Amino acid sequence: MRLLTYFALVLSLLLSGCVEDECMETVHYQSYQPVLVSAADWRSTDFTYEAASEVCEPSGFYVYGDYLFIVDRNAGLHIFDNRDNDAPRPLSFLPIPGGQGIAVRNDILYVSQYLDLLAFDLTDPREPAFLHRTEDVFELYSVFAGELAYTGEYIVEYLPTDEVMELSCSEARARESSFWADGIFFASTSITNNMSGSRSAGFTTEVVGQGGSLARFTISNGTLYAVDQQSLRTFSLENPAEPAFVGTTALGWDIETIFPYKDQLYIGSTTGMHIYDVRNPLRPQHLSTFEHVLSCDPVVVQDDVAYVTMWGGSDCGNQADQLIVLDVSEPRRPTELQTIPMQQSHGLGVKENRLYLCSGTLGIKVFALGEDGRLGPLLTTEPDFNARDIIVRHDRPELIVFGWEQAGIRQYDYTEAGEVIAVSDISICPVEL
């Protein structure tokens with residue numbers, strides 16, 4: 001790794017309003033230098049597992065049987081023994097710089113690393129063993145490639161410098177969330193907060209894990225699927241230890257999430273929900289698109305009913321915030337059953353007659369579901385956690401909730417009456433000021 005000679009990421013500390021169109025303040029910026037790694041370096045990574053360590057910047061989570069996996073942005077994968085969700089026990093840390101998407105099938109772990117797809121043997125999760133690297137299957141500049149410097153190297157960490165920049169708030173650039181100037185990138189708080197604290201198909205019985213509703217990886221019918229911002233990528237698992245890239249399906253722009261149900265994939269974007277048929281798993285076929293207003297869009301499905309949350313926050317286009325319930329019994333013609341106004345609605349999960357909704361700073365909300373799948377009354381609100389995404393366990397009455405910012409990960413038990421009881425927390429490294 002080496003340092004780029006001059007590249008700055010800036011943090012806007014204060015933006016004050018103007019009085020009668022006259023700007024009276026200056027905007028202060030802190031510059032950062034990125035630590036870069038070349039493709040030759042990260043492809044030679046030693047994937048030897050390490051002793052368990054603190055989770056510093058969680059960017060994804062997944063469960064497989066008794067094990068909980070937490071992706072640490074730009075650093076690797078933490079593996080926990082989660083048989084007792086009251087006391088999750090850290091087992092090991094698998095260093096994977098640039099690791100993001102994750103899925104597990106039949107004791108084989110699949111993880112993206114920048115442009116590549118990796119496979120690991122999880123027979124003993126305490127000692128995951130590297131199996132194979134499938135190279136150049138993800139696009140440059142995609143969500144999986146991470147942050148790419150103009151040199152073609154990858155940014156794995158930011159180090160603050162002594163340089164501070166000031167702009168008058170009357171300047172147009174000071175009102176932008178981000179901009180480039182002379183090869184330097186300047187970003188607002190909403191962007192730099194995500195950087196702060198960074199470390200860097202033969203027939204067979206399938207045992208597949210669970211991701212949250214914001215997942216970009218999923219497995220269905222012996223096939224691995226991944227979505228980036230504009231496409232669906234298909235991988236054959238006929239040889240599970242050596243996944244083979246099959247091809248790319250264009251989806252349009254601003255693709256966000258993927259969820260498998262029966263022989264379909266439900267793909268969320270900022271403008272609509274796409275349904276694809278995967279009865280021929282290596283050749284996904286478009287069935288329909290349910291369009292909606294511009295907003296973030298995770299989706300889950302149960303009993304031919306789809307639940308779509310639409311959040312219109314600062315990164316999602318507008319201020320619409322609602323939950324849509326759709327009848328997808330005819331996936332070529334999804335029909336709307338309900339639209340319910342919400343607040344801060346993000347990830348969600350469904351099991352039997354309950355819907356579990358992450359509502360940001362408002363916590364977790366549990367709703368009853370009618371026999372036809374329509375949303376019923378609010379049963380419970382658990383307000384003491386800043387909730388972003390959720391895994392509702394299929395095999396046991398447990399929830400795993402992924403938090404915003406410094407919230408970490410919290411686990412709950414739940415009752416048939418809709419009550420949720422917090423049982424444990426996985427905290428994260430404190431932010432260095």
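**Close-up views of a predicted model**

**View 1. Arg-233 is buried, with a relative accessible area of 4%.** The view comes from a predicted model, and it shows how the side chain of Arg-233 meets that of Glu-139 in a salt bridge, with 3.1 Å from N to O. Side chains of opposite charge can pair when their charged atoms come close. The structure as a whole holds 18 salt bridges.

**View 2. Lys-262 and Asp-304 are joined through their side chains by a salt bridge, at 3.0 Å from N to O.** This pair links distant parts of the chain, since Lys-262 lies in the loop between strand 20 (255-261) and strand 21 (264-269), while Asp-304 lies in the loop between strand 24 (299-302) and strand 25 (305-311), 42 residues apart. Lys-262 counts as exposed at 53% relative accessibility, whereas Asp-304, at 22%, counts as partly exposed. Elsewhere in the model, salt bridges with shared partners join Arg-43, Asp-116, Arg-133 and Asp-136 into one network.

**View 3. Asp-136 and Arg-43 form a salt bridge between their side chains, with 2.9 Å from N to O.** Here too the pair links distant parts of the chain, for Asp-136 is found in the loop between strand 11 (129-134) and strand 12 (154-168), and Arg-43 in the loop between helix 1 (39-42) and strand 4 (58-64), 93 residues apart. Asp-136 is partly exposed, with a relative accessible area of 49%, and Arg-43 is likewise partly exposed, with a relative accessible area of 25%.

**View 4. The second largest pocket holds about 560 Å³ of space.** Its lining is made up of 29 residues, of which Gly-209, Gln-210, Phe-259, Pro-260 and His-394 are the closest to the centre of the pocket. Several strands each supply at least two lining residues, among them strand 15 (210-211), strand 16 (217-220), strand 28 (348-351) and strand 32 (387-392). Sorted by class, the lining has 17 nonpolar, 10 polar and two charged residues.

**View 5. Five strands form an open sheet in the order 7-6-5-4-15, with antiparallel pairing.** Strand 7 (89-95) and strand 15 stand at the edges of this sheet, and each has a single partner strand, so one side of each is left without a neighbour in the sheet. The partner of strand 15 is strand 4, and the two pair in the antiparallel sense over two bridges. Val-63 stands opposite Gln-210 of strand 15, and Gln-210 is also one of the residues closest to the centre of the second largest pocket.

**View 6. Strand 26 (residues 321-327) is mostly covered, with five of its seven residues buried.** Strand 26 pairs with strand 25 in the antiparallel sense over seven bridges, and within this pairing Ile-324 of strand 26 is the bridge partner of Val-308. Strand 26 is also joined by six bridges to strand 27 (residues 335-341), and these two strands run antiparallel. In that pairing, Leu-326 has Glu-336 of strand 27 as its bridge partner.

Notes. Residues are numbered from 1 along each chain as its sequence is written. This is a predicted model: local features need pLDDT of at least 70, side-chain atom pairs count only at pLDDT 80 or more; totals for chains, interfaces and linings use all residues. Side-chain values use heavy atoms; hydrogens and water are left out. A salt bridge is a side-chain nitrogen of Lys or Arg within 4 Å of a carboxyl oxygen of Asp or Glu. Helices (H or I, at least four residues) and strands (E, at least two) are DSSP runs, numbered from the N terminus. Buried means under 20% relative accessible area, exposed over 50%, partly exposed in between (1.4 Å probe, protein chains only). On a 1 Å grid over the protein atoms alone, a cavity is a set of points where a 1.4 Å probe fits but cannot get out, and a pocket is an open set with protein on both sides within 12 Å along at least five of seven lines; lining residues have an atom within 4 Å of a point. Grid points are joined across faces, edges and corners, and a volume is the space filled by probe spheres set on the points. Ala, Val, Leu, Ile, Met, Phe, Trp, Tyr, Cys and Pro count as nonpolar, Asp, Glu, Lys and Arg as charged, and the others, Gly among them, as polar. Two strands pair if DSSP finds at least two bridges between them.
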